[in-house]
Amino acid sequence: MTTPLARKRPVTVCMFAQRFSSTPRGARLARRLALHQLHQWGVPYDSELSETAGLIAAELAANAVTHGRVPGRDCELGLLYAPGLYLRIDVSDTRGECRPAPAASPGPLDEGGRGLLLVGALATRWEVLDRVPVGKTVRAELDL
């Protein structure tokens, strides 16, 4: 005798992608776009998920425009949201040779080096992927 297959609730996956300029203004826009799009998908502003996603998007975008900038080329923000399952935040740039790596903790007087530590602390996981045809994508995922 076989058991009937358990019915699973369908999941709607929401996707968003937007290019932004490789400037500090573009990085700020990427964060705002991420928060606005999450709000459109039903994640309210000032919620824990919204605040966490906004911080991760801001750090990844700031790194992209600071360390991955190629004059005349844009960066890209990508969001993939499966309600109740996960949120994936991708930030891509066109400079593939300058790849971020987890570093040792910065000293108390160091002015930088904390962005990826924050991403690592807030995200369930993060990684660096090759971007076709050129560049890299830094991906952070949050399990919900």
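Predicted model: local features only at pLDDT ≥ 70, side-chain atom pairs only at ≥ 80, totals over all residues.
**Close-up 1. Helix H2 lies across the sheet.** Contact here means heavy atoms within 4.5 Å.

**Close-up 2. Five strands make an open sheet.** Read across the sheet, the order goes E1-E2-E3-E5-E4, and the pairing is antiparallel. At the edges sit strand E1 (14-20) and strand E4 (125-130), each pairing on one side only. On average, neighbouring strands are turned by 15 degrees against each other, direction ignored. As a reminder, strands of a sheet pair through backbone hydrogen bonds, either parallel or antiparallel.

**Close-up 3. Strands E3 and E5 run antiparallel.** Here we zoom in on E3 (residues 86-93) and E5 (residues 136-143), joined by eight bridges. For a handy landmark, look for Ser 92, which stands opposite Thr 137 in E5.

**Close-up 4. Helices H2 and H3 cross.** The axes of H2 (residues 48-67) and H3 (residues 115-122) come within 9 Å and cross at roughly 145 degrees. It's a left-handed crossing of H2 and H3.

**Close-up 5. Residues of H2 meet residues of H3.** On the H2 side you'll find Thr 52, Leu 55, Ile 56, Glu 59, Leu 60 and Asn 63. They meet Gly 115, Leu 116, Leu 118, Val 119 and Leu 122 in H3. Sort the residues of this contact by type and you get seven nonpolar, three polar and one charged.

Key. Residues numbered from 1 in each chain as written. Heavy atoms only, no water. Axes fitted to C-alpha atoms, helices over the stretch in contact; angles between N-to-C directions. Helix = DSSP H or I, 4+ residues; strand = E, 2+ residues; numbered from the N terminus. Left-handed = near helix turned anticlockwise from the far one by under 90°. Nonpolar A, V, L, I, M, F, W, Y, C, P; charged D, E, K, R; others polar. Pairing = 2+ DSSP bridges.
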